[in-house]
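Please open the model in your viewer and keep the sequence panel beside it.

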Amino acid sequence: MGRLNVNLCGLDMDNPIIPASGTFGFGYEFAELYDINVLGTFSFKGTTRDPRFGNPTPRIAECPMGMINAVGLQNPGVEKVISEELPKLAKCFDKKVMANVSGFSIEDYAYTCEKLDKEDQVGWLEVNVSCPNVHGGGMSFGTSPEAAAEVTRAVKAVTTKPVIIKLSPNVTDIVSIARACEEAGADGISLINTLLGMRIDLRTKKPVIANKMGGFSGPAILPVALRMVYQVSSAVSIPVVGMGGVSCAEDVIEMMLAGATAVEVGAANLVDPFVCKTIIEELPCVMDKYGIKNLKDIIGGAH
């Protein structure tokens, strides 16, 4: 076991670095730039039961220290992910991958997770409960403990692999939602998803994004993410995957001290496609600087 090794929900990882869903495609695109097997794993593009074209354009807006996106879960649907995307990934990635799943009903989540659970390449199911509930007036499943728990129970009933529930920060009490997911059988929690934000074009005097609002990500949200990871990791006994504004090795250490077992890197991949590789290479030096022998020893060290 090396200095960077961690264990996430029973699966060993060479290091805790995970490119976040929506920022790394299905992996093979980045494999043209470097050997992606250096990663702990990665979370592939958010997958839904049916194909989705996504939201109308423009759907990206720049901000100081971040960006807003409203891509809208564009993906080919779970059947094509299994028949086309995973075989392409298998040619360049020999580790277990994290499957990110989205849905608009309980049945959607269960169907997609059951399909992906049968794939040998999939190690973990990361279930995004930030999607609008079509049967609940459009409110996100992740905004209430009851709805998040219902998704968790439905997915756990049809799967055998670790289920990690990805929570939205756009709530008043994230701890109660995390606890409800744990009680419903979740094997882990990942957080945070993007914050809700917007930009207005001063020339047109209208929102920049066609969808008006979108997910705000980037270095500016790191303090919010750290606070929520700290709160949730002290309230649950299952592993936490931390993310939100992480862009360097120091941020990874900070996130793990807050309580994260593994750390996802999102928007930074869109700025520098080599950022995850660089972070992994720089971690040992940063660990030495702060007197850290093994990463797994510092998980939750700030509590």
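Begin by selecting Tyr109 and Phe141, both of which are buried (buried means under 20% relative accessible area, exposed over 50%, and partly exposed in between, with a 1.4 Å probe and protein chains only). The ring centres of Tyr109 and Phe141 lie 5.4 Å apart with their planes at 85°, so this pair is edge-to-face; rings of Phe, Tyr and Trp (its six-membered ring) pair if their centres lie within 6.5 Å, and planes under 30 degrees apart count as stacked, over 60 as edge-to-face and the rest as tilted. Because Tyr109 lies in helix H3 while Phe141 lies in the loop between strand E7 (122-128) and helix H4 (145-156), the pair ties together parts that are 32 residues apart in sequence. Helices (H or I, at least four residues) and strands (E, at least two) are DSSP runs, numbered from the N terminus.

This is a predicted model, in which local features need pLDDT of at least 70 and side-chain atom pairs count only at pLDDT 80 or more, whereas totals for chains, interfaces and linings use all residues. Residues are numbered from 1 along each chain as its sequence is written, and side-chain values use heavy atoms, with hydrogens and water left out.

Next, select Phe104, in the loop between E6 and H3, where its relative accessible area of 16% makes it buried.

Which residues form one aromatic cluster? Select Phe24, Phe30, Phe42 and Phe93 to see it. The structure holds six aromatic pairs; in one of them, the rings of Phe24 and Phe30 have centres 4.0 Å apart and planes at 20°, so they are stacked. Phe24 counts as buried at 0% relative accessibility, and Phe30 counts as buried at 12%.

Now show the strands of the open, parallel sheet whose seven members follow the order E3-E15-E14-E9-E8-E7-E6 (two strands pair if DSSP finds at least two bridges between them). At its edges stand strand E3 (17-19) and E6, each of which pairs on one side only. Neighbouring strands here are turned by 25° against each other on average, direction ignored; axes are lines fitted to C-alpha atoms, for helices over the stretch in contact, and angles run from 0 to 180 degrees between N-to-C directions. Helix H3 packs on this sheet, touching E6 and E7, and its direction makes about 165° with that of E7 (contact means heavy atoms within 4.5 Å).

Within that sheet, select strand E14 (residues 240-243), which is covered on both faces: Val240 and Gly242 are buried on one side, and Val241 and Met243 on the other. Strand E9 (residues 188-191) pairs with E14 in the parallel sense over three bridges, and Val240 is the bridge partner of Ile189. Three bridges also join E14 to strand E15 (residues 262-265), again in parallel, and here Gly242 stands opposite Val263.

Move on to helix H2 (residues 78-90), which bends by about 30° at Glu84, with Pro87 following within four residues; the bend is the angle between axes fitted to the seven residues ending at a residue and the seven starting there. Its buried residues include Val78, Val81, Ile82 and Leu86, and the buried residues of H2 pack against helix H1 (28-31), strand E6 (97-101) and helix H3 (106-117).

Then select the open sheet of four strands in the order E4-E5-E13-E10, with antiparallel pairing. Strand E4 (60-63) and strand E10 (195-197) are at its edges with a single partner strand each, so one side of each is left without a neighbour in the sheet.

Finish with the backbone. A cis peptide bond, with omega about 0°, joins Thr57 and Pro58, and another, with omega about 15°, joins Leu191 and Ile192. Cys9 has a positive phi of about 55° although it is not a glycine, and Cys9 is buried, with a relative accessible area of 18%. Lys205, also not a glycine, has a positive phi near 60°, but at 65% relative accessibility Lys205 counts as exposed.
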